[in-house]
Amino acid sequence: MRVVGVISGTSHDAIETAAAELTLDGDQVVATFLGSASTPFPPELRAAVAACLPPGATTVGQICRLDTRLGQAFAEAAARAIDEICGGHAELVVSHGQTVYHWVAGGRALGTLQLGQPAWIAERTGLPVVSDLRARDVARGGQGAPLVSLLDTLLLGPVGAPRAALNLGGIANITVVSPDGAALAYDTGPANALIDAAVEHATGGAEQLDRDGRRARRGQVVPALLAELLADPYYRQPPPKSTGKERFNAAYLRSALTRHPGLAPDDVVATLTRLTARTVADACLRHGVTTVHAAGGGVHNPVLMADLAAHLPGVVLGRTDELGIPAGAKEAFAFALLGFLTVHGVPGTVPSCTGASGPSLLGSLTPGRLPLRLPPPAGTVPRRLLLAAAPRPVGTPVRLRAVAATGPTAMADLTAMARVFHAAWHGAYRGVLPDDVVDAVDPVRAGVIVGAGAATGDVSCTLAETGAGTVVGWVRHGVAPDGSAQVHSLYVDPAYAGGGVGRQLLRHAAVDAATRGHTELTLWVFEANAAARRFYARHGLRPDGGRLRAAEFGDQVELRLRSRLPLAGPGSQPGAGAG
């Protein structure tokens, strides 16, 4: 079933859409991620949403008008996703809507309201629409949040150490999965909500966010203000718990600032950035997590991510891209999944994460243009999510650049390299190396391996990234012990197989070697990796007699390949990874 998910989060700045092909196969959901898009709110619609949010006052008339306008905006975003991402064909739309009020009293969620009338979406697209997904969990005694926890538990699964999924939207939330599969999830507090409020206040609304963390980088943390903010009792409240702009809003911030007059705006932003890093890190460390996979708008703030990493010693901080879901599309994808489960009669909540008395079948269903026909109810509750690669066109346009040497960009580059390495390793070496050797490289181990081989001295590392900035391949190249130029490793994201990315990276390494005066290029490849050997043979790289038995890879034999420079023939890239 081809499903489009649509959501506007607590930052209320844009409509996020994601499309996926979803099927049920026994106890797993098989998902092919098709793509995503972000549609900024028109300024007048964003202003209307902001006016309805706490602590502002509103009227029933304003709510009615906003419900219609949001429904129409979501309808256009969904229709665009169907045309541009789904090739004009989809079977279901799932709309989270825009949360305008989340009623929490005494630690319990008593109600929740999302606007964006789904009838407009059904009318515009002709498809059935699942909406109002939070209320059922609240009715069962849950927080109605974080609903993304179901996706998180399927993605993370039980592994050898606790792992966490983190969302940095207006509000931050985490899902923690223990080695035995037990899970919990909750809102940790504000992520971007107070930062955005401070920027809007300082600029009179001319700016809505701290783009690239520039203000936080210029500012200095104010210890007294930070201490007061950290003293909020919400942070000590035990999970499950949820919060929103009903608590952490512009009025909350203004109240705090009245007790700290005269602060420079950038210092306020720096302090609020530290607040987010501290509260998220404290929550992660409390549960002993070893890896955190982050998503949401906050991942694009390098100052926040660097500050968070500094407060998570010994913890690997990455992005959900490493798990196969772009960080900016995770929530929209999650709601596409939840609606898909609803029409298949499968509950979409994890009670230990939301605090509900039991799992709930989520949402309300608005019929489309045709008579409503639901699939047969699923007989098994999914326990796993398998992400399949979407086909990519030949000739994927990429740009090449050197990996950053220091700072937040370097951390982001190594994280992206680890994601590509992990995906390519499992795609290329399953059936080539023993299963236990392949399975030993989980996302954490991939990060360690990539970090240990960072570009140093005579070794250079070059990334291939799309126009959207997604790293889809990399090559590490330098000098071999015999003095020849050597490609140490070359990996391409399996989702970009057939796009010529591997060819471009290999050519770059060869040109660099020739520029440095080398006349030969060498590399090592597993003898059993026939796909990679064929790829390199098309460029004239063939065995020269060098052999090495690698005990750490199940005693597999590696062959040394060699070619004169320049390389031969254009060729094409192998299916998953090479080198």
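Start by selecting Arg274 and Asp307: their side chains meet in a salt bridge, 2.7 Å from N to O. This is a predicted model, so keep that in mind at every stop. Color helix H10 (residues 265-286) and helix H11 (residues 302-310) next, because Arg274 lies in H10 and Asp307 in H11, and the pair ties together parts that are 33 residues apart in sequence. Arg274 is partly exposed at 25% relative accessible area, while Asp307 counts as buried at 13%.

**More charged pairs**

Side chains of opposite charge can pair when their charged atoms come close.

Select Arg399 and Glu465, whose closest N and O atoms are 2.9 Å apart in another salt bridge. Arg399 belongs to strand E14 (residues 399-402) and Glu465 to strand E15 (residues 460-465), so this pair ties together parts 66 residues apart in sequence. Arg399 is partly exposed, with 40% relative accessibility; Glu465 is buried at 6%. While you're picking charged residues, select Glu207, Arg215, Arg218 and Asp266 together: salt bridges with shared partners join them into one network.

Next up are Arg247 and Asp232, a salt bridge with its closest N and O atoms 2.7 Å apart. Both residues sit in the loop between helix H8 (223-230) and helix H9 (250-258), 15 residues apart. Is each one buried or partly exposed? Arg247 is partly exposed, with a relative accessible area of 33%, and Asp232 is buried at 7%.

**A five-stranded sheet**

Switch to cartoon view and look for an open sheet of five strands, running in the order E9-E8-E7-E10-E11 with mixed pairing. At the edges you'll find strand E9 (183-190) and strand E11 (316-319), each pairing on one side only.

Zoom in on strand E7 (residues 163-168) and strand E8 (residues 171-177), an antiparallel pair with six bridges. Click Asn167 and you'll find its bridge partner in E8, Asn173. Now show helix H5 (residues 149-156), which packs on the sheet and touches E7, E8, E9 and strand E10 (291-295). The direction of H5 makes about 40° with that of E8.

Stay with E8 and move over to E9: these two pair in the antiparallel sense over seven bridges. Here Asn173 stands opposite Asp187 in E9. E8 and E9 form a hairpin with five residues between them, and in the turn you can pick out Gly181, with a positive phi of about 90°.

**A nonpolar patch and its neighbor**

Bring the surface back and select Tyr101, Trp103, Leu110 and Leu113. They form a nonpolar surface patch with about 380 Å² of accessible area together. Strand E4 (92-105) and strand E5 (108-115) are the elements that give two or more residues to the patch. Leu110, in strand E5, is partly exposed at 38% relative accessible area.

Now click His102, which has its place in strand E4. His102 is buried, with a relative accessible area of 7%. Which residues does His102 touch, leaving out those up to four places away in sequence? They are Ala109, Gly111, Thr112, Gln143, Ser242 and Glu246.

**Backbone stops**

Select Pro54 and Pro55: the peptide bond between them is cis, with omega near 5°. You'll find Pro55 in the loop between helix H1 (43-52) and helix H2 (60-84). Then jump to Leu565 and Pro566, joined by a cis peptide bond with omega about 0°. Pro566 is in the loop between strand E20 (556-564) and strand E21 (577-578).

Next, pick His12, which has a positive phi of about 40° although it is not a glycine. His12 lies in the loop between strand E1 (2-8) and strand E2 (14-25) and is buried at 5% relative accessible area. Finish at Asp132, a residue other than glycine with a positive phi near 50°. Asp132 sits in the loop between strand E6 (129-131) and helix H4 (135-139), and counts as partly exposed at 35% relative accessibility.

Technical notes
Residues are numbered from 1 along each chain as its sequence is written. This is a predicted model: local features need pLDDT of at least 70, side-chain atom pairs count only at pLDDT 80 or more; totals for chains, interfaces and linings use all residues. Side-chain values use heavy atoms; hydrogens and water are left out. Two strands pair if DSSP finds at least two bridges between them. Helices (H or I, at least four residues) and strands (E, at least two) are DSSP runs, numbered from the N terminus. Contact means heavy atoms within 4.5 Å. Axes are lines fitted to C-alpha atoms, for helices over the stretch in contact, and angles run from 0 to 180 degrees between N-to-C directions. Buried means under 20% relative accessible area, exposed over 50%, partly exposed in between (1.4 Å probe, protein chains only). Patches are made of residues with over 30% relative accessible area and no salt bridge: like charges are joined within 9 Å, nonpolar side chains (Val, Leu, Ile, Met, Phe, Trp, Tyr) within 5 Å. Accessible areas come from the Shrake-Rupley method with a 1.4 Å probe; for residues, only the protein chains shown count as cover. A salt bridge is a side-chain nitrogen of Lys or Arg within 4 Å of a carboxyl oxygen of Asp or Glu.
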